[in-house]
Amino acid sequence: LWSGGPPQPDQGLPPPLAAVPVPWKSTDPCQGHRESPGALVETSAGEEAQGQEGPAATQLDVLRLRSSSMEIREKGSEFLKEELHRAQKELKLKDEECERLSKVREQLEQELEELTASLFEEAHKMVREANMKQAASEKQLKEARGKIDMLQAEVTALKTLVITSTPASPNRELHPQLLSPTKAGPRKGHSRHKSTSSALCPAVCPAAGHTLTPDREGKEVDTILFAEFQAWREAPTLDKTCPFLERVHREDVGPCLDFTMQELSTLVRAAVEDNTLTIEPVASQTLPAVKVAEVECSSTNTCALSGLTRTCRHRIRLGDSESHYYISPSSRARITAVCNFFTYIRYIQQGLVRQDAEPMFWEIMRLRKEMSLAKLGFFPQEA
């Protein structure tokens with residue numbers, strides 16, 4: 001670049017090209033040029049030689065001006081190139097920075113979308129779990145209320161049984177099997193002489209309107225059985241290994257629930273002992289479809305336990321199973337007799353029966369007698 005000021009006349013250089021549009025001529029101080037006194041003397045001295053060397057000097061000055069102009073242009077071009085190169089470098093750096101920032105923004109946007117999606121998924125999962133827990137809680141509440149209602153009904157029935165029914169004075173309304181033969185009606189399938197019936201079962205079939213005393217009933221406490229019962233009554237339990245319950249299972253429960261269909265008999269006995277068996281009346285529009293031991297129980301005319309052709313007005317369900325098994329009145333009586341026995345001993349175990357040992361013992365003996373009669377085929381007439 002040209003960094004100096006305009007050349008002075010004493011240096012022998014012409015003024016810049018922009019300042020000298022025409023060939024150089026000598027000027028005097030009145031034309032506005034500042035010159036030193038020495039330059040003025042030289043100028044006045046060279047006026048004489050101007051006439052001889054004027055054209056050559058003018059041509060030399062023009063060449064000098066052209067060379068200076070070219071030098072200035074080259075230096076300006078180099079400077080501009082350097083500036084352009086520096087500007088291009090800065091622009092490239094700016095582009096790289098913009099590209100990096102764009103990648104960072106895209107990455108942040110992607111992470112934000114993934115985070116939003118995961119949050120929504122977690123929220124939906126929490127809502128589903130909450131709904132499932134709510135449904136399970138409602139189901140448990142419903143089951144608990146059902147159990148409470150059932151227990152309240154059992155307690156009410158037990159209170160009525162304990163208050164109004166004793167071995168000495170049984171409540172015939174609560175026990176239809178104690179009704180007189182005139183009210184109970186004749187039984188189907190067998191007939192017995194009145195005297196023989198009374199001798200075999202004086203406590204079950206008393207005359208209507210008469211209360212039998214223990215002496216007239218001919219009762220006598222078995223000391224062995226009573227001792228086993230008293231030992232069990234001190235610490236009531238449902239464990240079959242204790243002598244009292246082991247005897248009842250061996251002599252009464254096992255034979256009473258021993259049906260022709262052994263497989264189903266085993267299931268029924270386990271359900272009765274676990275208190276998970278349900279007996280339901282048969283609806284007229286029910287269409288059962290259950291097979292037990294290769295016997296097709298697709299009709300209410302076949303008992304699933306005995307395998308005999310009988311009119312089945314009831315069906316049983318084991319636990320939470322959806323399968324139903326249709327049973328005859330005789331099979332129902334046998335199952336009901338066993339269920340009554342287990343219900344009573346459960347009440348004793350829970351402390352709901354407040355009686356002396358002897359009345360409780362005779363009530364248990366009565367329940368055992370019902371199981372024996374049901375096993376022999378005696379069951380109350382259905383309405």
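Helix 8 and helix 9 pack at an angle of about 165°, with their axes 8 Å apart. Axes here are lines fitted to C-alpha atoms, for helices over the stretch in contact, and angles run from 0 to 180 degrees between N-to-C directions. The two helices are therefore roughly antiparallel to each other. That word covers angles over 145 degrees; under 35 counts as roughly parallel, 65 to 115 as roughly perpendicular, and the rest as oblique. The crossing of helix 8 and helix 9 is left-handed. A crossing is left-handed if the near helix is turned anticlockwise from the far one by less than a right angle, and right-handed if clockwise.

This is a predicted model: local features need pLDDT of at least 70, side-chain atom pairs count only at pLDDT 80 or more, and totals for chains, interfaces and linings use all residues. Residues are numbered from 1 along each chain as its sequence is written, and side-chain values use heavy atoms, with hydrogens and water left out.

Ala, Val, Leu, Ile, Met, Phe, Trp, Tyr, Cys and Pro count as nonpolar, Asp, Glu, Lys and Arg as charged, and the others, Gly among them, as polar.

Now take the helices themselves. Helices (H or I, at least four residues) and strands (E, at least two) are DSSP runs, numbered from the N terminus. The expected span of a helix is 1.5 Å times one less than its number of residues.

| Helix | Residues | Span, first to last C-alpha | Expected span |
|---|---|---|---|
| Helix 8 | 21 residues (329-349) | 30 Å | 30 Å |

After helix 8 comes Gly351, with a positive phi near 80°. After helix 9 comes Gly377, with a positive phi near 105°.

Helix 8 has another partner. Helix 6 (residues 243-256) packs with helix 8 at about 160°, and their axes are 9 Å apart. This pair is therefore roughly antiparallel. Its crossing is left-handed. Leu245, Val248, His249, Val253, Pro255 and Cys256 in helix 6 meet Arg334, Val338, Phe341, Phe342 and Ile345 in helix 8. Those residues divide into nine nonpolar, one polar and one charged.

Helix 9 also meets helix 5. The axes of helix 5 (residues 223-234) and helix 9 (residues 357-376) come within 11 Å and cross at roughly 110°. Helix 5 and helix 9 are therefore roughly perpendicular to each other. Their crossing is right-handed. Among the residues of helix 5 in this contact are Leu225, Phe226 and Phe229. The contact divides into eight nonpolar, one polar and three charged residues.

What order do the strands of the open sheet have? The three strands run 1-4-5, with antiparallel pairing. Two strands pair if DSSP finds at least two bridges between them. Strand 1 (277-281) and strand 5 (325-327) are the edge strands, and each pairs on one side only. Neighbouring strands are turned by 35° against each other on average, direction ignored. Strand 4 (residues 314-318) and strand 5 pair over three bridges. Arg315 stands opposite Tyr326 in strand 5. Helix 7 (residues 262-274) packs on this sheet and touches strand 1, strand 4 and strand 5. The direction of helix 7 makes about 75° with that of strand 4.

Key:
Contact means heavy atoms within 4.5 Å.
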